[in-house]
Amino acid sequence: MEELNAVQTPIPLGRVMDDMTAYILAGSFVEWLVEREGLAKFRVLYDGGDYEKAYGRTFAILEQEWRAALKGEQK
């Protein structure tokens with residue numbers, strides 16, 4: 001996920017892995033963020049690109065929480 005997170009628009013996500021996998025992973029993570037934290041916080045992230053500013057946690061911590069949610073280990 002760190003590789004995907006580092007991709008800057010307009011570079012295609014397919015540069016770091018195959019397109020289908022990249023967009024499925026990115027879509028799943030974004031959907032989880034919006035469902036869990038709300039659209040307003042995602043908008044802060046989208047406008048500024050800073051996870052700590054938007055969510056009060058680093059990308060790495062959010063990724064761990066997302067992976068736990070995928071495994072059914074909700075916190």
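Read along the sequence, the chain runs α-α-α-α-α. This is a predicted model, where local features need pLDDT of at least 70, side-chain atom pairs count only at pLDDT 80 or more, and totals for chains, interfaces and linings use all residues. Residues are numbered from 1 along each chain as its sequence is written, and side-chain values use heavy atoms, leaving out hydrogens and water.

Colleague: Is Arg 57 buried or exposed?

Modeller: Buried means under 20% relative accessible area, exposed over 50%, and partly exposed in between (1.4 Å probe, protein chains only). Arg 57 has 19% relative accessibility, so the label is buried.

Colleague: Which side chain makes a polar contact with the side chain of Arg 57?

Modeller: A polar contact is a pair of N or O atoms within 3.5 Å; within protein, one must be able to donate a hydrogen and the other to accept it, and residues adjacent in sequence count only if both atoms are side-chain atoms. The backbone oxygen of Tyr 55 lies 3.0 Å from a polar atom of the Arg 57 side chain. The side-chain partner, at 2.8 Å, is Glu 37.

Note on methods: Helices (H or I, at least four residues) and strands (E, at least two) are DSSP runs, numbered from the N terminus.
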